[in-house]
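Dear colleague,

I am handing over the structure below, and I would ask you to keep it open while you read the notes that follow. Please bear in mind that it is a predicted model.

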Amino acid sequence: MRKKIWTAIIIGLVLSLTFLTVTAAAEGLPTDASEEQSADLMATSGTCGDNLTWTQDDQEVLTISGTGEMKVYDNYNTPAPWKETEAKQVIIKDGVTSIGDYAFSGCTSLTTITIPSTIKTLGKYAFFGCTSLVTVENFENTQITILDDGTFSGCTSFTTISLLTAFPSLITQT
């Protein structure tokens, strides 16, 4: 008799757990710890320089703020921390003085970037392959003295490119 009771309890528990897992999956909830962890892997904020931070909101706007230079990145060993996000707009706040090498390289969803007047340097391939980039706002008000190799290479969606005609002194290779 005891064996039948224990068997009934175990079967009841197994069925209950199966029902809960199926219900959670149907509602889009994580069904185990690994699923929950993978959802948390995409960072939405962090640091990008000694005194710089970045955040991305749910409207796909990436904001960089603080003071000083942005880190230098590359596409392979140290890509920018927002590389895998789908940011459509980047707003860089006053106080940031440089945009690092490869900072937004390959960000194919990026359509608009706002650059503050405090920017002095645009790194190598900073916007390389940003195929949806249409607008660079406030460029004419910057203090840019260095425009490195390939900064805007592969930006095929610009509707107007007046960067070099407006700033012929920016054709500086380092």
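An open sheet is built from three strands in the order E5-E7-E9, and the pairing in this sheet is parallel. Strand E5, residues 98-99, and strand E9, residues 146-147, stand at the edges with a single partner strand each, so one side of each is left without a neighbour in the sheet. In general, the strands of a sheet pair through backbone hydrogen bonds, in either a parallel or an antiparallel way. Here E5 pairs with strand E7, residues 121-122, in the parallel sense over two bridges, and Ser98 stands opposite Thr121 in E7.

The second topic is the aromatic rings, of which the structure holds seven pairs. Trp82 and Phe104 form a stacked pair, with 5.4 Å from centre to centre and 25 degrees between the planes. Because Trp82 lies in the loop between strands E3 and E4, and Phe104 in the loop between E5 and strand E6, this pair ties together parts that are 22 residues apart in sequence. Both Trp82 and Phe104 are buried.

The rings of Phe127 and Phe152 have their centres 5.2 Å apart and their planes at 5 degrees, so this pair is stacked. Phe127 is in the loop between E7 and strand E8, while Phe152 is in the loop between E9 and helix H3, and the pair thus links distant parts of the chain, 25 residues apart. Phe127 counts as buried at 0% relative accessibility, and Phe152 is buried with a relative accessible area of 14%. Finally, Trp54, Tyr73, Trp82, Phe104, Phe127 and Phe152 form one aromatic cluster.

Technical notes. Residues numbered from 1 in each chain as written. Predicted model: local features only at pLDDT ≥ 70, side-chain atom pairs only at ≥ 80, totals over all residues. Heavy atoms only, no water. Pairing = 2+ DSSP bridges. Helix = DSSP H or I, 4+ residues; strand = E, 2+ residues; numbered from the N terminus. Phe/Tyr/Trp six-rings, centres within 6.5 Å; stacked < 30°, edge-to-face > 60°. Buried < 20%, exposed > 50% of the residue type's maximum accessible area, 1.4 Å probe, protein only.
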